[in-house]
Amino acid sequence: MFFGRKQKNPISERRWRNFKANRRGWWSLWIFLFLFVVSLGAEFLANDKPLLVSFLGDFYFPVVAAYPETTFGGDFPTEADYRDPYVQELIEAEGWMLWPPVPFSYDTYIQNLEQPAPSPPTADNWLGTDDQGRDMVARLIYGFRISIDIFGQRFIEVWQGLPILYLLIILSSLVQPNFWWLLGIMLLFSWMALVDVVRAEFLRGRNLEYVRAARTLGAGDATIMFKHVLPNAMIATITFLPFILNGSITTLTSLDFLGFGLPPGSPSLGELLAQGKANLQAPWIGISTFIVLALLLSLLIFIGEAVRDAFDPRQDPGKGGGR
């Protein structure tokens, strides 16, 4: 007899063998995973910025950082346009550039095409261009990643639409719940409520005027993301967070009230509310528990408002507090 050895599941093994037996589906899985991983590094495969620049003995990485034209001996303090012949001459005079396999980004408008757009495939544009003169290979690489992003978003929406309380009741009837078990289940479902808010704020923020101004002044993607977009996106996110916490507390309280939460005898507000319902002749049980629960939820809301004001760059310090 061997202890601690994980028992194999014959049903799972049989299903896995059947899946691998379908060679078309098996290889499709590997090809899809390969394309997915490749699309994550789209900026390193198709970009109108070099991967590496060597200039006067120093190395620069334009794909991950923004450098002004003056770094390479130019006249303007804005970000260098590496497709500009003038900038290319400056760099090649004192160094060299390593370009990605496709030297175009998804929004690069190609000048001096041999034929009017949409132009046919050439040595420079392997699959030709679209009707606006943009490289098809670059747009396909970035388009594949966006499609994966949309698929992930739809999955999150389906996952978010699941009835959490009913699922918790079903799971609680199958396993003896405890605090950490319930906390893990709540974390598994609660994080999705913030996804839509964060995504919407980032999509909105990247098109605002101050982001365009920062990009014009030569700020890199990382600087724009963490210094400009993220602080403003955190305002709506943190404002919404107390409501998510309130929803989680209400769900756990409901489970305890219905008898599907923590083990019997655990000091929880839901269990006290159940006692108040069962002992109407002792109104102090239900009333005091309700007051404490309402106070807890209200305090979380007030804390969230204060945190929102702390992160809001438009907040006037002289007019804060005391609402």
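**Figure 1. The largest nonpolar core of the predicted model has 10 residues.** Val53, Phe55, Tyr60, Tyr67, Phe72, Ala80, Tyr82, Val87, Ile91 and Met97 make up this core. Strand β1 and helix α4 (85-94) each supply at least two residues of the core. A second, separate core has nine residues, and Ala42, Val137, Ile141 and Tyr142 are among them. In soluble globular proteins, nonpolar side chains tend to be buried together.

**Figure 2. Ile91 and the residues it touches.** Ile91 is one of the residues of the largest nonpolar core. Which residues does Ile91 touch, not counting those up to four places away in sequence? The list is Val53, Ser54, Phe55, Phe72, Tyr82, Trp96 and Met97. Val53, Phe55, Phe72, Tyr82 and Met97 are also members of the largest nonpolar core.

**Figure 3. Strand β1 is covered on both faces.** Strand β1 runs over residues 52-55. In a regular strand the side chains alternate between the two faces of the sheet. Leu52 and Ser54 are on one side of β1, and Val53 and Phe55 are on the other. Are these four residues buried or exposed? Each of them is buried, which means that its relative accessible area is under 20%. Val53 and Phe55 belong to the largest nonpolar core.

**Figure 4. Strand β1 pairs with β3 and with β2.** Strand β3 covers residues 95-98, and its pairing with β1 is antiparallel, over four bridges. Phe55 stands opposite Gly95 of β3. Strand β2 covers residues 58-60, and its pairing with β1 is also antiparallel, over three bridges. Within β2, Phe59 is the bridge partner of Ser54. The protein as a whole has 12 helices and three strands.

**Figure 5. The hairpin of β1 and β2 contains Leu56, a residue with positive phi.** How many residues lie between the strands of this hairpin? There are two residues between the strands. Leu56 is in the loop between β1 and β2. The phi of Leu56 is about 55°, a positive value, although Leu56 is not a glycine. The relative accessibility of Leu56 is 56%. Leu56 therefore counts as exposed, since the cut-off for exposed is over 50%.

**Figure 6. The loop between β3 and α5 holds Asn112 and Pro118.** Helix α5 covers residues 136-160. The phi of Asn112 is near 55°, which is positive in a residue other than glycine. Asn112 has a relative accessible area of 78% and is exposed. Pro118 is also placed in the loop between β3 and α5. The peptide bond from Ala117 to Pro118 is cis, and its omega is near 0°.

**Figure 7. Phe59 and Trp96 form one of the aromatic pairs of the structure.** A search of the whole structure finds nine aromatic pairs. In the pair of Phe59 and Trp96, the ring centres are 6.3 Å apart and the angle between the planes is 65°, an edge-to-face arrangement. Phe59 is in strand β2 and Trp96 is in strand β3, 37 residues apart, and the pair links distant parts of the chain. Phe59 has 49% relative accessibility and counts as partly exposed. Trp96, at 42% relative accessibility, also counts as partly exposed.

**Figure 8. Tyr67 and Phe72 form an edge-to-face aromatic pair.** The distance from centre to centre is 6.5 Å, and the planes are 75° apart. Tyr67 is buried, with 16% relative accessibility. Phe72 is buried as well, with 1% relative accessibility. Tyr67 and Phe72 belong to one aromatic cluster, together with Phe55, Tyr60 and Tyr82.

**Figure 9. Lys20 lies over the face of Trp26.** How far is Lys20 from the ring centre of Trp26? The distance is 5.4 Å.

Conventions
Residues are numbered from 1 along each chain as its sequence is written. This is a predicted model: local features need pLDDT of at least 70, side-chain atom pairs count only at pLDDT 80 or more; totals for chains, interfaces and linings use all residues. Side-chain values use heavy atoms; hydrogens and water are left out. Buried means under 20% relative accessible area, exposed over 50%, partly exposed in between (1.4 Å probe, protein chains only). Two strands pair if DSSP finds at least two bridges between them. Rings of Phe, Tyr and Trp (its six-membered ring) pair if their centres lie within 6.5 Å; planes under 30 degrees apart count as stacked, over 60 as edge-to-face and the rest as tilted. A charge sits over a ring if NZ of Lys or CZ of Arg is within 6 Å of the ring centre and within 35 degrees of the ring normal. A nonpolar core is a set of buried Ala, Val, Leu, Ile, Met, Phe, Trp, Tyr and Cys residues joined through side-chain atoms within 4.5 Å. Contact means heavy atoms within 4.5 Å.
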